[in-house]
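Subject: Structure handover

Hello,

Please find the structure below, followed by notes on what was found in it.

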Amino acid sequence: MTSVEAAVLAKVAGIATESVVRRIRRVASGRGFGKGVAVEVTSEQLYRHHQGYWPASLSGMLPAGLNQQKIDSFLRTPEFETFTNQLIAVHLLSGHSDYRQRVRESIAEKLVDFFPPTDLRHDVDQVVSFDDLVARYKRKLNAYGIKLAEHLDASCSTAASIIKDRSENQVQVHELGFREVALDILNSIDDSLRHLIRNRDNLTWTNLYNTRFYNYHSEITAPDLNVRMPINYAKLFVGPTVLETDSSTLQPFDDGSDGRPDSFRRFYKNLDRSVLLGDPGAGKSTSSTVAALEIHRESNLIPFIVVLRELIEPEFYLPEYLADLLGRRYDVKATPESIEKLLYEGGVVVVFDGLDEVINNADRLTLARKIEIVSASYPLIKILVTCRKIGYAPARLNRSFSTFSIGPFSEEQIEEYVTHWFDAQGKLRLAELDYVVQDFMLESKEMLDLTQNPLLLAFMCVLYRGARTLPEDRASLYEKCVALLLGERDKHYKVVAEHPSILNTKRALSRVAHKELKEQRYGRPEKEITEDLIEFLTGPVIHSRERAAEFIKEMLNWCRGRAWMFTDVGPDPQHRDLFTFTHASFREYFGALYFVSTNRDAQSLVDHIFPLMEQGKSEIYAQVCCTIFDDALLSGASDVMLGLIRKLDEQQPHPILNHSEWQRRFDIKDGAGSTSRKENELADKREETSRIRSVAAAYLAGIANCLPSLSADAMSTLVGLAVAQTTLGDSAAIARLLDPASKHHEPILEILADHLSRSMAAAADTRTTRRQVWFALHAPYLLANMSSFAYPIKPTAVKALNKVVNTVSPHLKKYDGKFDVDYAMLIQSGSGTHRRLCDLDASEFCSVFSFLFDEYVLPIDGLGPRSVAIWVYDSFRGKRRETTPVARAARFLKNLGEGLIRHQSSLFDIPLPSHPAYAEHDFRSISERITAYPDSCRTALLFLIAAQIELNQQLDPMLKNDVSRKDLGQWAARLRVDSIPSAWIKEESDLWCPSSQIAE
């Protein structure tokens, strides 16, 4: 065999092996042997086998008129790859010589069929009949084919051996993986060989079909009321996060929170036998269609999409159905025989879309079994099945299918989709588009649960487009979505001739939602819903039981099959049709609507929400309840807010600020901590109280942010609660209240300073005061992280911030010779009482310089800088300069720079900080912002950066700093700072002691 022949055979065997190995890996993984078959069989390994094992060339066996180039064209056909898959399967099952012989004979027969005797002149050496010439040509080509098949058989044997030899748990994997996969392929050999060796059917229709398939499916119809918006998928579609899912529990193995921008592409590139699950509106059908388009574009496989709800009968013959589908939908004429040939060859991807949308339970199970039969009959094709998660369990496919789930949109995916959606309108300039997208993102910030669903996100874009704003609260947004989904969309598209009363439908759905929330059972049988609604509606809403039953039947029929708001989701284990809400937000909205309409006093709402608040559960539900109640009653939500805070203080008193009441409430007596056990119990109770108050305060802040208005009394009481939480080291509530997107941001800032002043004055211990001083100094951190050009920090807010910072002056601890967090706060306050560093001696100055890089324990977790040096970097790198303490940091740098200039000769082998803080910043941009400052400030900042990058290197020797010493030397020259030692720039000396002292 020539090297060319060997290389081609090796390549074909290697490619075929990849698909077999992937399926073996998946089947074994499903049985608990995930990594046991992670085997790679390369064509190079197979080629090396050929080189050493088949020295003879077969070229001389070819009949005249054929050459190696023509043979290569045969080796690259789908038929030949199918033969290769079959031989690998046979060898995985340890032989089966009869199967091997049949495949080899079929290869030879197919080769003769592939190259008919069209030119026999070169083979004429004597006068013979034409029939004899043809017979001689076929004998010679058949002999070549037999030899070629023997060589391929040897390559496939090698491939199978490599798979087996390199697998862990060889016995189990062979039994669990090899046997199942190989038997699928083996069982199809009889039918497959019969189709592969017949004359090639006319496949010219495939080119026309591919074009029409693309034209038909490449446009997505974006949800819209005014006009049908067909948009090319490349301009609108955002690839979802696709998560591997446990086929038993149907739970993803992880939540995808680390972000997987390429997960969708990896999903369709590795597609073999897969089920794609998702919630209503998650984009299952769109994603599967795009996957089919992309697979065709990248791999040239022919895509077929079978919409399962369109099947008249669950029992069908796939080639005949596809031939009929091509004629009806794409106006392409293809024979079932030609389609069956493609299916056997494996150059096809088939999407079975919407298994859950088959209404009849028996039909759904029949279809699931039918898909399994298709999978076994055509083992070389790719199959993708889509289904709603809640409707999949009763019709689960066998373990040869991998299970995946569509995860919720990340914030990046939301922004990408919104950008595509508004760009597709074609009416916005680039700058205007950027503003619209950012404004939409900020207005929908508190509605992330809605925007994570592509369908609901599209409807929110529709709502935003008209007024360039979203409703200011959730209840109003849901109200508009409900009107959109219940009536206007159907009227515009004439989906139904008429639909049930919108008002009565809202009443009925509010009752259904209330029952689901109360029973924590999502998805109720149709009969159960009907019986409950008849009792609920008869009398107050509809005058007779008969008319009520008629209305309910009409409503459920209208909801059936549509994934907009409330829909059927398949059978339960008792095969009863279940209905539920398509999204939890709709359940919460209708549930809130029910509770408020049946409970008209504030105390009822307080008692209803309080247990949810203590546990931090159903926050959105509570927000909507308060908003609807506020619409129904003047200052209703403010009364509820005050009631909740009073009840919290009664049942969970503040363990520090209201210590005596806390002791009385939990029957804790002075001296009870005389034993270690009592001390532990006391600590546990204090920790539990702090946790509940933290959850409740943040919960109440979230409710407040969603209310259009809040009384002065309720706002002041809420701010007082949030400020009190800072004494417990908790800033979650105040962070939510200070969000610039909050409706009450400015008035809250205006009253914050007064609350802090009173709280610090009343503080009974140093620890409490320290926490509140720390919060006052670093509250701007909260705003800097949240502000944007669409929600800037206004001058009045900046003024209020400065007022907050100024409250700390009487409570700062004067320097007492200790380098601790109190000294750090003294520096960061910009206090005029801080010492002149140039007056210190060299030893004390070096100690101060070392402390600047010391990592202290934050008085409030997660708030503020971890070292003084980091505070300086943060002050000059913030995008929102009005929220950063630039002036205070500059005053400190001036002080530090004067000391550095005086003690420059002593700045070598500085003692390392006791707890050195690693810091990674954009030092280049920080240095550029110091250009206009005095020489002492520039000197101090560059020294800090120099010491930091050297310290970073000592902390992590493997680290490669973005900034080198040479870079810093160039910056110093540009900033006209000549105090950076040239020896340090040349790496001839260091500022810090050797790194070994860190360990000491």
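A residue is called buried when its relative accessible area is under 20%, exposed when it is over 50%, and partly exposed in between. Ser-618 has 31% relative accessibility, so Ser-618 counts as partly exposed. Please keep in mind that this is a predicted model.

Two serines with positive phi

Ser-618 sits in the loop between helix H25 (602–615) and helix H26 (619–632). The phi of Ser-618 is near 55°, a positive value in a residue other than glycine. Most residues other than glycine have a negative phi. A second case is Ser-635, with phi near 60°, again positive in a residue other than glycine. Ser-635 belongs to the loop between H26 and helix H27 (636–651). With a relative accessibility of 34%, Ser-635 counts as partly exposed.

Salt bridges

How many salt bridges does a search of the whole structure find? The search finds 32. Side chains of opposite charge can pair when their charged atoms come close. Some of the pairs are described here.

Arg-545 and Glu-535 meet through their side chains in a salt bridge of 2.7 Å, N to O. Arg-545 is in helix H23 (residues 545–559) and Glu-535 in helix H22 (residues 526–537), so this pair ties together parts that are 10 residues apart in sequence. Arg-545 is partly exposed at 42% relative accessibility, while Glu-535 counts as exposed at 52%.

Glu-688 and Lys-685 also form a salt bridge, and their closest N and O atoms are 3.3 Å apart. Both residues are in helix H29 (residues 676–705); because they are three residues apart there, about one helical turn separates them. Glu-688 has a relative accessible area of 35% and is partly exposed. Lys-685 counts as partly exposed too, at 25% relative accessibility.

In the salt bridge between Asp-935 and Arg-938, the closest N and O atoms are 3.6 Å apart. These two residues lie three residues apart in helix H40 (residues 935–955), so they are separated by about one helical turn. Arg-938 is buried, with a relative accessible area of 8%. Elsewhere, salt bridges that share partners join Arg-265, Lys-269, Glu-294, Arg-297 and Glu-298 into one network.

A buried arginine

Arg-524 is placed in strand E9 (residues 524–525). Its relative accessible area is 2%, so Arg-524 is buried. The side chains of Arg-524 and Glu-528 are joined by a polar contact of 3.1 Å.

A negative patch

Which residues form the negative surface patch? They are Glu-411, Glu-412, Glu-415 and Asp-434. Helix H16 (residues 411–424) gives the most to this patch, with three residues. Glu-415 is in helix H16, and its relative accessibility of 30% means that Glu-415 counts as partly exposed.

Regards

Terms used. Residues are numbered from 1 along each chain as its sequence is written. This is a predicted model: local features need pLDDT of at least 70, side-chain atom pairs count only at pLDDT 80 or more; totals for chains, interfaces and linings use all residues. Side-chain values use heavy atoms; hydrogens and water are left out. Patches are made of residues with over 30% relative accessible area and no salt bridge: like charges are joined within 9 Å, nonpolar side chains (Val, Leu, Ile, Met, Phe, Trp, Tyr) within 5 Å. Accessible areas come from the Shrake-Rupley method with a 1.4 Å probe; for residues, only the protein chains shown count as cover. A salt bridge is a side-chain nitrogen of Lys or Arg within 4 Å of a carboxyl oxygen of Asp or Glu. Lys and Arg count as positive and Asp and Glu as negative; His and the chain ends are not counted. The place of a charge is taken as NZ of Lys, CZ of Arg, CG of Asp or CD of Glu. Helices (H or I, at least four residues) and strands (E, at least two) are DSSP runs, numbered from the N terminus. Buried means under 20% relative accessible area, exposed over 50%, partly exposed in between (1.4 Å probe, protein chains only). A polar contact is a pair of N or O atoms within 3.5 Å; within protein, one must be able to donate a hydrogen and the other to accept it, and residues adjacent in sequence count only if both atoms are side-chain atoms.
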